[in-house]
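Here is a short report for a reader who is new to this structure. Take a look at the model, then read on.

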Amino acid sequence: MFPAKFCVPQDHEYVEYDYGDLFFEQPCGSATRLVIGPSKGEVDLLTELAALSENQSWYILYVLLTPRQGNRESGRYQSTPFDTLEKLSAFMTSFQSYFEGDARHHVWIGSLSNEVLLIYDQHNVIFAYGPIDRFRAILEKHGFREEEFWFPTPHSHSYAPQYDAEEERLMKEFEWQYFPLQPGDEWE
């Protein structure tokens, strides 16, 4: 069994942390976003939220924070566009265990129209920018409760060597466009 992506200390060991299906609205610049703490199924939820984009074209921004093998740089890797929800969903499902099980990265899903932006970070939290009321309706349909939360302190991130092959497979999916990390990409 792989170690959990995001853990907290408990009884002299680290155990997987569960936010308990919570969300809250947070001001962000001149707009607001939803901060979402799912208990499980983050990739399925991301795909469902991405479907709210009326444009129906998306990209992935894979933000590699901690490369483990020394064969690539930390940075932002942008995919070629996905022109159907089915293609986006198939890609996300193909890498679901990697995205949900390893903390070396953040995964962004953005609509080409900038209508929807979803950031699934290394703390197992989703930041949702876009149609807040429609996002909220989906979360409530799935039994999420509106309650403020944040990352517990202390905590740890797992960079499991068992996922190194998945990182390699992911990087072969596209001719990724590389960008350096930006301020704010890395935080504890």
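Glu168 is buried, with a relative accessible area of 19%. This value comes from a predicted model, as do the others in this report. Glu168 forms a salt bridge with Arg72, and their closest N and O atoms are 2.8 Å apart. Arg72 lies in the loop between β5 and β6 (75–78), while Glu168 lies in helix α5, so the pair ties together parts that are 96 residues apart in sequence. Arg72 is buried as well, with a relative accessible area of 18%. Both values fall under the 20% limit for a buried residue.

The pair belongs to a network. Salt bridges link Arg68, Arg72, Asp102, Arg104, Asp164, Glu167 and Glu168.

**Salt bridges**

How many salt bridges does a search of the whole structure find? The count is 14. One of them joins Lys87 and Asp83, with 2.9 Å between the closest N and O atoms. Lys87 is partly exposed, at 47% relative accessibility. Asp83 is partly exposed, with a relative accessible area of 47%. Another joins Arg145 and Glu147, where the closest N and O atoms are 3.3 Å apart. Arg145 counts as partly exposed at 45% relative accessibility. Glu147 counts as partly exposed at 38%.

| Salt bridge | Closest N and O atoms |
|---|---|
| Arg72 and Glu168 | 2.8 Å |
| Lys87 and Asp83 | 2.9 Å |
| Arg145 and Glu147 | 3.3 Å |

**The whole chain**

Now step back to the chain. Its secondary structure comes to five helices and twelve strands. The radius of gyration is 16 Å, close to the 16 Å that the globule rule gives for 188 residues, so the chain is as compact as a globular protein of that length. The C-alpha trace spans about 45 × 40 × 30 Å along its principal axes.

What share of the 188 residues is buried? Buried residues make up 50% of them. The protein chain exposes about 9,100 Å², and carbon and sulfur atoms supply 49% of that area. Contacts also tell how the chain is arranged. Among contacts with a separation of 6 or more, 71% are between residues 24 or more positions apart.

**Helix α2**

Which residues of helix α2 (residues 85–94) are buried? They are Leu88, Phe91 and Met92. These residues cover an arc of only 95° around the axis, which puts them on the same side of α2. Several elements cover the buried residues of α2. Among them are the helices α1 (42–50), α3 (96–101) and α5 (164–171). The strands β5 (58–64) and β7 (105–111) are also included in this cover.

**A three-stranded sheet**

Three strands form an open sheet, in the order β2-β1-β11, with antiparallel pairing. β2 (13–16) and β11 (156–157) stand at the edges, each with a single partner strand, so one side of each is left without a neighbour in the sheet. Strand β1 (residues 6–10) runs antiparallel to β11, and two bridges join them. Phe6 stands opposite His157 in β11.

**Backbone exceptions**

Most residues other than glycine have a negative phi, and most peptide bonds are trans. Some places in this model depart from that pattern.

Two are in the loop between β1 and β2, where Asp11 and His12 are found. Phi of Asp11 is near 50°, a positive value in a residue other than glycine. His12 is not a glycine either, and has a positive phi of about 65°. Are these residues buried or exposed? Asp11 counts as exposed at 69% relative accessibility. His12 is exposed too, with a relative accessible area of 88%.

Another is a peptide bond. The bond that joins Thr153 and Pro154 is cis, with omega about 0°. Pro154 lies in the loop between β10 (145–146) and β11.

Technical notes:
Residues numbered from 1 in each chain as written. Predicted model: local features only at pLDDT ≥ 70, side-chain atom pairs only at ≥ 80, totals over all residues. Heavy atoms only, no water. Pairing = 2+ DSSP bridges. Helix = DSSP H or I, 4+ residues; strand = E, 2+ residues; numbered from the N terminus. Buried < 20%, exposed > 50% of the residue type's maximum accessible area, 1.4 Å probe, protein only. Arc of directions from axis to C-beta. Contact = heavy atoms within 4.5 Å. Rg over C-alpha atoms; globule rule 2.2 N^0.38 Å. Areas by Shrake-Rupley, 256 points an atom, 1.4 Å probe, with all protein chains shown as cover. Salt bridge = Lys/Arg side-chain N within 4 Å of Asp/Glu carboxyl O.
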